[in-house]
Amino acid sequence: MGGFLLRKVGAALVVLVAASMLVFIGVRAIPGDPAIALGAESRDPALLAQIRHKYMLDRPVPVQYVHWIWLALHGDLGSDQRELPIAHTIVTRIPITLELAILSVLIAVLTGIPAGVIAAVRRGKPEDYAVTTGALVGLSVPHFWLGLLFIVWFAVDLHWLPASGYVGLSHPLANLEHMIMPAIVLSTGFSAVLMRQMRSSMLNSLGADYVRTARAKGLSEWQVVGRHALRNSLITITTLIGLQLGALISGTVITETIFGIAGFGRLTIEAVNQRDYGLIQGVVLVAATGYVVVNLLVDIVYSFLNPRIRVT
Amino acid sequence: MTAVDTIAVASPRSRRRRLLRKRFLRRPMAVAGLIVVLGFVVMAAAAPWLAPYAPSATDFNALLAHPSSNHLLGTDSLGRDVLSRIIWGARASMQAGFFSTMLALIVAVPIGMIAGYYRGWVDTVVARITDVLLAFPFLILAVGFSAILGPSLLNATLALGIGAAPPLIRIARGETLALREEDYVPAAIANGAGDATIIFRHILPNMTSTLIVQATVTIPLAIVGEAVLSFLGLGVQPPTPSWGTMLQDAQSYLAQAPRLAIFPGIALVLAALAFNVLGDGLRDILDPRTTR
Amino acid sequence: MPQPLLDVADLSVRFDTDDGMIHAVDKMSFTLGAGEVLGIVGESGCGKSVTCMSLVKLLPETAVIEGRALFEGRDLLAMSSRDLRRVRGRQISFVFQEPMTSLNPVFTVGRQIGEVLQRHLGLSRVEARARSIELLDLVRIPAADRRLDEYPHQLSGGMRQRVMIAMALACDPKVLVADEPTTALDVTIQAGILDLMRDIRERLGTAIILITHNLGVVADIADRVLVMYAGRKAEESPVDDLFAHPQHPYTLGLLGAIPRPYEGDDTRRRLQEIPGRVPSLRELPQACAFAERCRRATELCRTEIPELHEVRPAHRVACFHPGENAAV
């Protein structure tokens, strides 16, 4: 297993480095003077000179890149249009998005996995059709529309929940009030995918020879389904979860925008809309890093769960 | 190709097509999906004739009007007919959906196949680049490219296409890797076939079912992607109608006229659902293991 | 004669599929005595596995089972699911063909064996572990203690099959059903497994039903043999008599198809194939199922189902023209 992990970590590092290069080149590929782009399109010669000096724009590109990475590793991602340090902005916003993401994942897992299992065990029966149809619809509904609908129903019509905004965790009840709708909205897509994958995986497991053996041993249906089939299925879908998390991260962008939550996701849009290339650079870099790290963690978890990798 | 070849190739293929058609017709859901998809395509193509009003035609006497016989779905904040805008909006969605997916396929399949067939350093390079692109979630990638390219429907389509390519490269590569181990490959080589022949006449046709299924899954993602990009102001620019921009406009009027958000959304959901249902059905009938 | 352990009468199994009805087994009857080894022989699809799996309802839901299967006096086919689960693994155990896929890849060997012990005998984890080691010793797996903590993918094919056998014997069942236990294994390993099964019968007195398409295996360890064709019993006989005096044309065909090494004389024997194919199981022909492929077939064979009748001591055939003359 050690070799497997080492290779995964190595691959992740390579990908990270390459991704950072891609971001770096992307920003500098924008037509025009990079100093202007990084300086939020101001024409002030003093500012431009300062930017040129700071980002070493007169040096060869590889040197610029290394310098940029060096700064980044030290937590300095530059300043945005309003002269605020980007790293600080990002760091304050990430926990909010993290909370949203974790809540969504929890909701999706607690709804999607059991539903998928039930659909598989009761294949062809009404429960199966209900779950399969629900999952299809959940896949097809764009969550920003769902968000708008929720706001209309629960905030505007029923006044049960606030339409937007965010309250810190120090006020847990208010925090939940603000987070519950966005979390449910964000979890829909992920939950739908989980339902389908779980159902498919369970159908495979339930048809496998070892399930026949388990039944031949006289085990109860609970033990057969819940222990033998389920364990195999859960392990199989671990790798799929990693891929889905990317979609979840994308989803926070829209969800935060609609619900007026000042999180990392919304920061991405703000940066793009304001053409704040320094901010875009930092944000995309952090997003990619986060995604790569999360996938790496998922891979590690998978290697622990799958005995064929863990023990050889 | 001799006469014998033609006969031998033609009959099994047409028989297979008939079998697939039969299996398809036994699935009402998939058929329904196909009908709705075709409906949207027709809607997009025939927009000038179907829509009662021009999409940018404003009527300042009927702002935010409720549905009536004049305006079946009401009007928006500028007095534009919602129904017409939805019909015209189908153009942006269908264009974005189909063309971006086609672009992704045209780019991804050859790259993936070459990587999978030749392996070696070509494969390693392609695999690493794909991994890097996959390091960015689809939408973030699309948003990023849009930001670089500038907002417009064309650029949004390009961005979506580029964003959709990496998973397709991976699939094309995987399929090629598996298919090149099949027995007919060395048989073809023994018959003197060159690399190109093997790739295009032997391996590619065996991948088509997987690719078709992937395409029907990618299209709805692209459609929703276009709506998202337009919603964020990165796609279709006003006054061209798009379901995404309609939803963006609707945001400011959620309290007074929620229907402005509901109708375009329903169109989006129907389109995505139809493609997903169709994709599911296709996957079922093309899988040799399903019995019906 | 003492009461048989297993008394199956008129067992019929059909599958209700989307494409129609498949009659897998048609009015099978047989008995199994305590400590006896019964071989069930036939080609793929003749219903031999389905017959045995139907006894403890291990078939998919589309199966419709009729008939009576008395196990120690109680009808298995009429039992509640709960009672049946107490029979499975405890009184009647199974060993399947593919040991790699029949063992759960994510649990250790010890856990999978221990499961049966804990479930049926109520053993604690410690007791179960001790007993599991005994079982692995019984099936001649070396270093049993270490093996318990290993996963199926770490064992060889032969060892996995031994583990399956150990699992099946865990609760000292009265009947062990081995469904093609050696088919997926190398020939050299096969001999070891058969040896083991012989050993088990002698030491533990377990009755064994050995399902196979390989007559050689049957000759090795069976006491009695049952030949099945297209879901029906064709011939039933003590093993020596079957090989010495085969009666059913199908049995003769099977024997003729056994490759024999060159024996130093000039008789170069061609492998005899049985012409034709197994009939579709979608209809129940009111005739002898083998008639189309049989050289002895007459009008009678095509219009009536032959009944089992005794032609030699304890040797029964379902044929209108039985006889050991292969030239016919």
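Colleague: In what order do the elements of chain B run from the N terminus on?
Modeller: From the N terminus on, they run α-α-α-α-α-α-α-α-α-α-α. Chain B thus has 11 helices and 0 strands, where helices (H or I, at least four residues) and strands (E, at least two) are DSSP runs numbered from the N terminus. Please note that this is a predicted model, in which local features need pLDDT of at least 70, side-chain atom pairs count only at pLDDT 80 or more, and totals for chains, interfaces and linings use all residues. Residues are numbered from 1 along each chain as its sequence is written, and chains are lettered from A and ligands numbered from 1 in the order in which they are written.

Colleague: What does the C-alpha trace of chain B span along its principal axes?
Modeller: The span is about 75 × 45 × 30 Å.

Colleague: And what percentage of chain B is buried?
Modeller: Of the 292 residues in chain B, 46% are buried. A residue is buried if 20 or more other C-beta atoms lie within 10 Å of its own, exposed if 12 or fewer, and partly exposed in between, with C-beta atoms placed from the backbone.

Colleague: Now the packing. At what angle do helix 7 and helix 9 of chain B cross?
Modeller: The axes of helix 7 (residues 153–179) and helix 9 (residues 195–231) of chain B cross at roughly 155° and come within 10 Å. Helix 7 of chain B is therefore roughly antiparallel to helix 9 of chain B. Axes are lines fitted to C-alpha atoms, for helices over the stretch in contact, and angles run from 0 to 180 degrees between N-to-C directions. Angles under 35 degrees count as roughly parallel, over 145 as roughly antiparallel, 65 to 115 as roughly perpendicular and the rest as oblique.

Colleague: Which residues make that contact?
Modeller: Among them are B:Ala156, B:Leu160 and B:Ala164 of helix 7 of chain B, and B:Ile203, B:Asn206 and B:Met207 of helix 9 of chain B. Two residues are in contact if their C-beta atoms, placed from the backbone, lie within 7 Å. By class, this contact of helix 7 with helix 9 of chain B has 12 nonpolar, 6 polar and 2 charged residues. Here Ala, Val, Leu, Ile, Met, Phe, Trp, Tyr, Cys and Pro count as nonpolar, Asp, Glu, Lys and Arg as charged, and the others, Gly among them, as polar.

Colleague: How do helix 6 and helix 9 of chain B cross?
Modeller: The axes of helix 6 (residues 138–149) and helix 9 of chain B come within 11 Å and cross at roughly 50°. These two helices of chain B, helix 6 and helix 9, are therefore oblique to each other. Helix 6 of chain B contributes B:Leu139, B:Ala142 and B:Ser146 to the contact, while helix 9 of chain B contributes B:Gly225, B:Val228 and B:Leu229. The classes are 4 nonpolar, 2 polar and no charged residues.

Colleague: What about helix 5 and helix 7 of chain B: within what distance do their axes come?
Modeller: The axes of helix 5 (residues 120–134) and helix 7 of chain B come within 9 Å, crossing at roughly 140°. B:Val126, B:Thr130, B:Leu133 and B:Leu134 of helix 5 meet B:Pro166, B:Ile169 and B:Arg170 of helix 7.
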